[in-house]
Each structure stands twice: as C-alpha cells, then as structure tokens.
Amino acid sequence: MIYLLLIVFLIMLYLTFKKFDKDIIAPPVVLVAGYTLSIVCAAVNVKNWGIDLHLNTFFVLVYGTLLFVITGYIVKKWMEKRASCEAAVRQKFNAISIDIKYLYVYIAFQVLVMLIWVWNIYSVTDSLGQYNSLAERMVAFRQWSSYGTGWISNYFYVFINQFNQISMISPYLFLYIIVYNYFANKNLHNATFLFISIILSIMQILLTGGRLNVIALFLSGCLYYFLFYYKYYNRRFLIDRKFLIKLFILLICGGIGFYYAKVIVGRGDDINIGDIIPYLTMYVGGPIQLLDMFLQKPIEVSDIWGKEVFSTLNFQLIRFGILNIDPYIIHLEFRTAETGAFLGNIYTAYRSYIYDFGFIGLTILPIIFSGFVNYLYYMVIYKCKFSKVNLMFLFYSSIFWVIFFDFVRSFFFSVICSFIVIKQLIFLIILTTIFVKDFNTLDLVKSMFYRNKK
C-alpha cells in the first residue's frame with residue numbers, strides 16, 4: 001500500500017505542477033511536494049519499520065491533500081477572473097535603500113540579546129542540576145522551555161523572549177530586501193550587514209532549541225527568489241537538470257547540517273555519521289507510519305475543544321484567564337515500530353484534524369487552510385504594481401513554511417490562530433518603517449490592499 005500511495009502522490013504532484021502553471025512555489029505544489037518527500041522517506045524504511053500501510057491511512061492522506069489542491073485551484077481561477085491587471089506585465093524593480101545607521105544599532109541589539117539569552121540558559125540550567133557542557137545544558141534548557149510550563153512563572157525569560165522574537169522575524173524583511181535588490185541591481189555589494197544580521201538571527205534561533213525556523217527562513221528565501229524572478233522576467237523559473245543537481249547537493253548539505261545542529265539545539269550530543277540517513281528519514285518519513293499507527297490505535301479523545309489543532313490559542317487564552325483549564329503544551333505521544341525502531345511523535349496535520357473534530361475536521365480544515373494561503377499568494381501574484389516592500393507578501397513569506405511542513409503537524413492553525421502572528425506582523429511593520437528609506441507606515445499598510453486598475 002505504501003508504494004501505491006507513493007505512485008498516487010507522484011501523479012498528484014505532476015498534475016498539480018501542470019495545472020498550477022508549472023509554478024513550483026504555488027501552495028498546492030508545495031504541500032504535495034512535502035507529503036511526497038515524506039512518503040519517499042517512509043518507503044525506503046519499509047523493512048526497518050515493518051510498514052504495512054492500511055486503507056484508511058491511504059484514504060486520509062489522499063482525501064485531505066486533494067481537498068487542499070482542489071480548493072487552491074478554485075481560488076486560483078477565481079483570482080484570475082478578478083485580477084486587476086494583465087498577468088503578462090514585467091515588473092520594474094527599483095532598489096530598496098536602507099538606513100544603514102539604524103542597522104548598525106540593530107546588529108548591536110541582536111548581539112546584546114544573544115549574550116543575555118546565553119546567560120539566561122546558564123541561569124536556568126544552574127537551577128536544574130549540574131552539567132559538563134553547553135550541549136548538556138541545551139538538552140535541559142529545551143526540556144524546561146519546550147516540554148513543560150514552568151517557564152510561565154519565570155518573568156525574565158518571558159520578557160527577554162519578546163526581544164528574541166524580534167530578532168527571529170527580522171530576517172524575513174532583510175532577506176526580502178537582499179533578493180529584491182539583487183533583481184534591481186544584479187549584485188549583492190550592499191548587503192553585507194544585512195547578511196550579518198541574518199546570521200546572528202540564525203544563531204539566536206538555534207540557541208532557542210529549534211531548527212525548524214532556520215529551514216523556514218531558507219524556504220522564504222526560495223519564495224522570494226522564484227516570485228521576484230516571475231515578476232521581473234514575466235515567466236516561471238525553469239526547472240532543468242542543472243537546477244535539480246544543485247537542489248540535490250543543497251538537500252544533502254542541509255540534511256547533514258540539520259543532523260549536526262542537534263547538538264546546539266539540545267537534542268543530544270551522540271554524533272555518528274552512519275546515523276545521518278536513519279535520523280533524517282525518521283524525521284521526514286516517520287509521520288506517514290505514525291499516522292497509520294494512530295489511526296489503528298488512537299488515543300483517548302480529550303474534552304478540551306481543539307486541544308491539538310488550536311493548542312496555541314488555547315494556551316494563550318489560559319494565560320489570560322479566559323479559559324479555565326490547566327496550561328498544557330502539545331507534545332504528541334512517542335511511538336516505536338513493531339521492529340523496535342524509534343519513530344518519534346510527529347503525525348501529519350491530518351492526525352490533529354481527526355483527533356479533535358473527526359471526519360468533519362478532516363474535510364473542513366484543509367479547505368480553510370488552502371483557501372487562506374492561496375488567497376494570500378494569488379493576491380500577490382496578480383498585483384500589477386509590486387510595492388518595494390509589500391506587506392502582504394512579507395507576511396505570507398513568514399508563514400510560507402507551514403504549507404510545506406503540513407506533513408509534520410498542523411502548524412497553520414497553531415500559527416495563524418494565535419496572538420503571536422499579530423505580534424509578528426506588528427514587528428514587521430515597525431522594522432520596515434525603521435530600516436527602509438522613503439517609506440512610511442501608511443504606505444506599507446496600503447500595500448496590502450492597493451491594486452492597479454486596468
């Protein structure tokens with residue numbers, strides 16, 4: 001059944017790619033590509049994990065994904081009809097000027113926040129036990145900050161984390177400027193300090209105990225390049241052999257980096273080069289087998305409404321005293337294959353849809369997800385006049401990663417149905433207003449809604 005599923009998704013990927021104008025960053029193409037990659041990684045572990053996929057798992061994966069694709073296609077056609085301009089218009093790119101003196105100050109701010117963050121790691125872990133290395137401290141810190149709720153009463157941690165979030169959202173703006181100016185000037189000579197700031201942000205992201213946000217940043221960079229390429233040349237980026245070779249090399253390097261970064265982010269310091277492929281395929285392919293195991297042996301249903309899908313929203317409502325239940329952090333149950341192989345605890349978004357709302361959730365939630373992200377994407381595509389810094393596109397880039405990583409878990413509803421996304425949007429507006437010359441907040445907000453007339 002796993003091989004049949006792989007064939008179906010490969011066909012779906014090809015047809016989606018064709019129907020969406022060979023646009024590799026169209027939301028349905030990105031989502032199907034993510035699930036296809038996950039199924040490939042699961043298929044190579046059939047013997048290692050004893051995979052025997054059941055029919056209901058096959059149905060859930062195909063049904064939920066098709067709903068996303070079909071909804072995306074409907075939104076695309078609808079947006080084409082109401083487009084405010086001719087699609088075949090080349091965009092003129094005028095370089096974005098930044099206020100370099102503010103950037104110097106911001107880089108100093110990032111360094112200060114990072115130093116305080118490292119001090120905070122040592123301060124917290126000193127209260128938890130004795131450790132011989134930073135790697136051991138990171139394991140303990142990650143357990144404290146990600147797997148429990150004790151940090152809620154640590155007001156200094158909560159306070160410094162607000163500044164940390166600014167450092168984590170700013171790379172989306174700076175990457176935007178770098179790629180935009182590349183098409184405007186065909187060089188990166190003036191991007192040195194922007195790159196320095198982005199590198200500092202990546203270091204900060206790793207010190208928070210996560211790698212996903214680094215990959216999200218990389219995906220946003222790809223999004224910028226391919227969309228600006230389309231706007232500048234008025235044609236889609238051509239996928240050829242040279243591109244595929246580069247992509248393959250990049251995936252290998254990225255996979256190795258992802259593995260070795262586990263020491264920094266607090267996931268243990270047991271490094272063995274022979275474990276890289278099993279480790280990566282467990283992360284990427286595990287959700288398929290875990291979903292199958294969940295569907296055959298589901299856990300007891302919770303009486304908390306939307307416990308998994310809306311976990312972030314529930315947690316914030318609890319902290320504000322609106323929801324009267326004990327605080328909880330969503331970490332799904334870990335499972336082991338019949339062969340004894342450890343598979344982790346990521347089950348695809350479909351597990352949470354089914355767990356919280358049953359078949360109705362599996363039907364409605366992918367449609368809502370698809371409708372939202374496809375509307376945002378095609379609003380950007382069909383804007384004739386592309387503002388230097390387009391807030392809608394900037395915001396979309398910050399959540400773009402949730403589409404590809406839908407095969408991991410329900411990130412979209414955790415992100416979009418939270419106060420964090422509002423805070424990030426405010427940060428983006430403030431940062432853009434500060435750093436971009438000849439640009440004001442009103443213009444930035446208008447860029448979300450402005451469309452040229454025919």
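Tyrosine 102 sits in helix 5 (residues 100-126); helices here are DSSP runs of H or I with at least four residues, numbered from the N terminus. This is a predicted model, where local features need pLDDT of at least 70, side-chain atom pairs count only at pLDDT 80 or more, and totals for chains, interfaces and linings use all residues. Residues are numbered from 1 along each chain as its sequence is written, and side-chain values use heavy atoms, leaving out hydrogens and water.

Tyrosine 102 has 40% relative accessibility, so it counts as partly exposed. The scale is this: buried is under 20% relative accessible area, exposed is over 50%, and partly exposed lies in between (1.4 Å probe, protein chains only).

Now turn to helix 1. Helix 1 covers residues 2-19. Its buried residues include Ile2, Leu5, Leu6, Phe9, Met12 and Thr16. They lie on the same side of helix 1, because they cover an arc of only 125° around the axis, taken from the directions from the helix axis to the C-beta atoms. An α-helix has 3.6 residues a turn, so residues three or four places apart point the same way. After helix 1 comes aspartate 21, with a positive phi near 60°.

Next, the charges. The structure has nine salt bridges, each a side-chain nitrogen of Lys or Arg within 4 Å of a carboxyl oxygen of Asp or Glu. One joins arginine 236 to aspartate 23, with the closest N and O atoms 3.4 Å apart. The two are 213 residues apart, and the pair links distant parts of the chain. Aspartate 23 is buried, at 4% relative accessible area.

How values were computed: The expected span of a helix is 1.5 Å times one less than its number of residues.
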